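Keep the model open as you read.

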Amino acid sequence: MTTGYIYILANSSMPDLVKVGYTTRSPEERAKELGANTSVAVPFIVAFKRLVSNCEAVERMIHDRLAAKGFRVAENREFFRAPVSVVVDIILGLPPEILQVSPGTITESISPNLLSKESLPWIDLWRQAESLFYGLGDDLEDREAAKLIYLDAIKLGSSWPYFRLAENEFATNIDSNRWTEARRYAREGVAKGNYLCYLTLAKISNMQNDMMSVVKATNLLFRTRAEKSDTKLESILSFVSELQSLFFQAPDVLDNINEVSLSEIRSLISELLDECDRNANLIIKFWPEGHERGLKDNQRLKDKIKSLCV
């Protein structure tokens, strides 16, 4: 029996595909080697690794199970069209004795609790991307590099980057013909459970003077949030601030949304008013020539939000 690592490799340039294999070296070396020997534009990342005593046999068992579920791409290849979490589920679902290693050997994995609801195996990638996206700490702002890392985080199961990518495409493209990418990221994010992406869809519709679609996207956001809210998602992506931004751009939406949305908004009134106060300070600081108009619009929004309490 040969002791080695079972690994899962992912690559953002190959959506929905993962490589599942084994190596007697480190999986990181194998990832670099694979990247050097193929024509892929971005490097492979190690999504998961586990040290086992009989790596060849374990690999065969995993491949057989993936093939039985219809995930195998080709009989002679180690690539499978399956989510990382599904493959990890199959690996950890093998008999415990199969995954054991010799006494004294330390097992290793990127995220031992990958299947836990609280587990975020992509969190380091997210932080790295955020640092590059905003130029935090010693990092210089590099949004193209951040985009590639966000895509890697998506590959590991994160829905957070969809909103950041959608908002960036929307904000940096004045030409409405180029909002296709923003809309695509937003719709994919919604499909993956990131309901904040409805905000981007609403903003795009507002810029296209399509109030009906703005209202529809807003109602869908709050219906989804009412069914299953995600406090971690909202905190990380500054939900209330982004919501206030939408209402500042399209205040009439508040006159047309349904009762579910109004109920959800009423629970956020205090936070929204605080955001209006912060927005007033930003208007004065960054919009010196037009701050009087901006402050009036901000006060009108604030009064409209207050009126929802009645």
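K155 has a relative accessibility of 13% and therefore counts as buried (buried means under 20% relative accessible area, exposed over 50%, partly exposed in between, with a 1.4 Å probe and protein chains only). K155 sits in helix α6, residues 143-155. Helices (H or I, at least four residues) and strands (E, at least two) are DSSP runs, numbered from the N terminus. Leave aside the neighbours within four places in sequence, and K155 is in contact with A10, N11, M14, P15, D16, L17, V18 and V84. Contact means heavy atoms within 4.5 Å.

This is a predicted model, in which local features need pLDDT of at least 70 and side-chain atom pairs count only at pLDDT 80 or more, while totals for chains, interfaces and linings use all residues. Residues are numbered from 1 along each chain as its sequence is written, and side-chain values use heavy atoms, with hydrogens and water left out.

V84 leads on to helix α3, residues 84-92. V84, V87, V88, I90 and I91 are buried there. Seen down the axis of α3, these buried residues fall within an arc of 160 degrees, so they line one face of the helix. The arc is that of the directions from the helix axis to the C-beta atoms.

Next, helix packing. Two packed helices are described by the angle between their axes and the distance between the axes. Axes are lines fitted to C-alpha atoms, for helices over the stretch in contact, and angles run from 0 to 180 degrees between N-to-C directions.

Take helix α7 (residues 160-172) and helix α8 (residues 180-191). They pack at an angle of about 160 degrees, with axes 8 Å apart. α7 and α8 are therefore roughly antiparallel (angles over 145 degrees; under 35 is roughly parallel, 65 to 115 roughly perpendicular, the rest oblique). From α7, Y162, L165, A166, E169 and F170 meet E181, A182, Y185, A186, E188 and G189 of α8. These residues divide into seven nonpolar, one polar and three charged. Ala, Val, Leu, Ile, Met, Phe, Trp, Tyr, Cys and Pro count as nonpolar, Asp, Glu, Lys and Arg as charged, and the others, Gly among them, as polar.

α7 also packs with helix α9 (residues 197-207), at about 15 degrees and with axes 9 Å apart. α7 and α9 are therefore roughly parallel. Y162, F163, A166, E167 and F170 of α7 make the contact with C197, L199, T200, K203, I204 and M207 of α9. By class, this contact has eight nonpolar, one polar and two charged residues.

Finally, the whole chain. The protein chain has 15 helices and four strands. Of its 310 residues, 47% count as buried.
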